[in-house]
Amino acid sequence: MLRQPGLSRRARWAGGDRVVSQLMAKALAHPKLVSLAAGFTDQQTLPVEPTQKALEILWSDPARSLAALQYGTTIGHGPLRELLLERMLQADGRTAAEMNVSIDQVVVTAGSNVLLFLVADSLLDPDDIVLCGAPSYFVFLGILANLGVRAVGVETDEQGLIPEAVDEELARRAASGELHRVKAIYAVSYFDNPSSVSISVERRAALVELAKRYSGEHRIRIIEDTAYRELRYSGEDVPSIRSFDPEGDTVVAAGSFSKSFSPGIRVGWGVLPPDLVGPVLGQKGNIDFGSPNFNQYLMHTVLAESLYDDHLERIRASYREKIDATLEAAEQFLAPIEGVSWGRPSGGLYVWLRLPENVDTGTDGALFDRAVDEGVLYVPGSHCYPSQSRVLPRNMIRLSFGVPSCQEIRCGVEALGRAIRQVVR
Ligand SMILES: Cc1ncc(COP(=O)(O)O)c(C=O)c1O
């Protein structure tokens, strides 16, 4: 008689799609619910016209059309990789020579999540350690769990990961003889998910210095996730963490067009240190031997024909209105409740809310079902903390303003205010 399903350790570590499934089930059971939970992009401003134009241009060239419909290469479409590197260097105000980088280090994947997974899988063994901000992007925490890796939370503030806290954690691991287990530091450098905080320029440099200083038996890499870099609504862009690594041996830079153009096209990429390219391509070759080629040709045409930057301007204007609507509604409906506070992000898709300490925002807590009854869905903040964190607050909420209209955002935040009032003492 069969007693066990015979699953791999990794399948057991992955533990299923629980958070997302729970939230989706709630949304489906309550169709009138305003979802401030899903980190999706705005449906109304998805780039239908730029995509159509790019398709027409691509289709007007028979040779490129045929090539786009054929398998591509494991590393990705060359002309797209060239433009990706060029854009990164331009944004950072650096040259390829200054950054010791070439197109051979640019790998294209079907979304940056795949790149993050491949990098993690290439670097990490079970029981290894990755330092992550507390809080961090919960899907990446899932990747680490999947690999049996310890995600250790490091304190953050309104300027992002605190270098002194990283330093302390690394020193502690060195003292306990575990430094060889620390393989990477994960950082969402622009408008983090969930906190929307960007890492300050001084801290970017400090993080690279720390990673290099503590590298011994092997290198400690910084996995820099720049998924939201281009979703800036005010202020000036700042150079990437990668730009503070001129040797190019420490920082893995991951990028994505999902948030800035289309998650349906799902093109992401990584700029890797040279010694990681082979291992990552080895894994990728076994999994897909090339991400969807058509999508890469399409994104290349979008970039090459200058259809991308106009679209960015358009969505920035739309998200600026939505973030203003969220902050205005929070001011009106949440500010009067004692102990409720939030950050005021200048980019990204999220507002990170702190409730009084006695309020448990989890799906089993008092607030969640009340919020659903009042008509709003949110992501409980506890899902965003690495499993090994010194702090594991239960009173945080991630609100996403990408999908709902300004009017829906207002209704959702008002409903949340009503629910919170019912549970605060
Ligand atoms: C911080 C962060 N990184 C990476 C991703 C993955 O994006 P994709 O795989 O669509 O490129 C997301 C998506 O929500 C994200 O929030």
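Start by selecting S260, which sits in the loop between β8 (251-256) and β9 (268-271). The model on screen is a predicted one. S260 is buried, because its relative accessible area is 2%, and the cut-off for buried is under 20%.

Keep S260 selected and show what surrounds this residue. Leaving aside neighbours within four places in sequence, S260 is in contact with E230, L231, Y308, H311, L312 and I315. Display the side chains of S260 and Y308: the two make a polar contact at 2.6 Å. Y228 and S260 are 32 residues apart in sequence, and their C-alpha atoms are 7.5 Å apart in space.

Next, colour the protein by domain. Domain 1 covers 9-46 + 310-423, and domain 2 covers 50-306. A distance drawn between the C-alpha centres of the two domains comes to 25 Å.

Now select the residues where the domains touch. On the domain 1 side there are 34 residues in contact with 40 residues of domain 2. Between them the two domains bury about 3,100 Å², and 59% of that area is on carbon and sulfur atoms.

Which side chains meet in a salt bridge? Select R10 and D121: their side chains form one, with 3.4 Å from N to O. Across the interface of domain 1 and domain 2 the rule finds one salt bridge. Polar contacts between the domains number 17 residue pairs, counting pairs with both residues at pLDDT 80 or more.

Stay on the side of domain 1 that touches domain 2, and select α1 (9-14), α12 (308-333) and β11 (350-354); each supplies at least two residues of that side. The largest share, eight residues, comes from α12. Coloured by class, the side of domain 1 that touches domain 2 shows 17 nonpolar, 10 polar and seven charged residues.

For the last stop, select T301 in helix α11, which spans residues 293-304. Is T301 buried or exposed? T301 counts as buried, because its relative accessibility is 2%. Show the residues around T301: apart from neighbours within four places in sequence, T301 is in contact with A54, I57, L58, R64 and L307.

Terms used. Residues numbered from 1 in each chain as written. Predicted model: local features only at pLDDT ≥ 70, side-chain atom pairs only at ≥ 80, totals over all residues. Heavy atoms only, no water. Domains from an automatic or database assignment. Contact = heavy atoms within 4.5 Å. Buried area = accessible area lost by both parts, 1.4 Å probe. Salt bridge = Lys/Arg side-chain N within 4 Å of Asp/Glu carboxyl O. Polar contact = N/O pair within 3.5 Å; in protein donor to acceptor, adjacent residues only side chain to side chain. Helix = DSSP H or I, 4+ residues; strand = E, 2+ residues; numbered from the N terminus. Nonpolar A, V, L, I, M, F, W, Y, C, P; charged D, E, K, R; others polar. Buried < 20%, exposed > 50% of the residue type's maximum accessible area, 1.4 Å probe, protein only.
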